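Morning, everyone. Please have a look at the model first.

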Amino acid sequence: MTRLNGQRMDANVVVLGTDNVGKSALIVRFLTRRFIGEYGDIESLYAHNVVVDGREQTLNIWDAPYSQDLSIESLMCEKRVQWADGFVLVYSICDRASFNAVSRLIQTIKTAKDFLGFEKMPIVIVGNKRDLHHRRTVLSEEGRLLALSADCQFYEVSAAENYHSVLMVFHGLMDRIRESRVSAKKLAGIKGIVKSMSAVFARRRTDSL
């Protein structure tokens with residue numbers, strides 16, 4: 001899980017999407033600046049050191065497989081939510097089914113998060129293959145609307161043509177993870193104060209009896 005320790009923060013990120021949306025290409029573009037178009041269906045885990053806003057960070061990225069079987073995907077999602085500090089959900093702007101799958105994944109992640117009792121799970125939605133706009137079947141507005149309704153960040157990128165936009169995806173998620181961690185600490189502090197005050201008042205009531 002995320003560790004805020006001075007200026008350092010380590011984070012675990014799961015990247016999910018259906019076949020042929022370019023999620024592996026997106027990850028490798030971020031890690032190496034290079035674009036490689038063809039990948040097999042291989043599950044991978046990467047560790048990458050980055051500096052964001054002066055903070056040294058280690059980013060562990062899980063290139064996770066996607067199952068068309070929703071029951072299997074739900075079971076796998078619980079393990080991912082336990083491991084992850086945030087998710088990158090990728091679809092192809094040329095593939096309507098991959099966009100619909102992202103919508104289902106959001107609900108699966110939120111259900112798993114609630115079941116496990118977690119507060120918030122930062123999610124970034126990425127519409128990839130922007131360079132193939134002539135084959136577009138998913139409008140930018142649809143991606144933005146989905147992100148807005150699910151309280152997620154949204155980016156449209158071309159892993160093939162633009163390294164900077166891919167960089168923004170992961171840096172944006174790191175920012176959300178850091179904000180989520182700070183909010184969780186504040187909430188825990190407030191709960192601690194309320195609990196202490198309740199204990200004090202309970203003792204006073206006992207003493208007055």
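Ground rules. This is a predicted model, where local features need pLDDT of at least 70, side-chain atom pairs count only at pLDDT 80 or more, and totals for chains, interfaces and linings use all residues. Residues are numbered from 1 along each chain as its sequence is written, and side-chain values use heavy atoms, with hydrogens and water left out.

Rings of Phe, Tyr and Trp (its six-membered ring) pair if their centres lie within 6.5 Å; planes under 30 degrees apart are stacked, over 60 edge-to-face, the rest tilted. That rule gives 3 aromatic pairs. One is Trp62 with Trp83: edge-to-face, 5.5 Å between centres, planes at 90°. This pair links distant parts of the chain, 21 residues apart: Trp62 is in strand β4 (residues 55-63), Trp83 in helix α2 (residues 70-83). Helices (H or I, at least four residues) and strands (E, at least two) are DSSP runs, numbered from the N terminus.

Now burial. Buried means under 20% relative accessible area, exposed over 50%, partly exposed in between (1.4 Å probe, protein chains only). Trp62 has 18%, so it is buried. Trp83 has 25%, so it is partly exposed.

Next, Tyr91 and Phe99. Their centres are 4.9 Å apart and their planes at 75°, so this pair is edge-to-face. Both residues are buried.

Back to Trp62. The charged end of Arg80 sits over its ring, 5.9 Å from the centre. The test: NZ of Lys or CZ of Arg within 6 Å of the ring centre and within 35 degrees of the ring normal.

Last, how many disulfides does the search find? The count is 0, with a disulfide being a pair of cysteine sulfur atoms within 2.5 Å. Cys77 is buried at 0%. Cys152 is buried at 11%.
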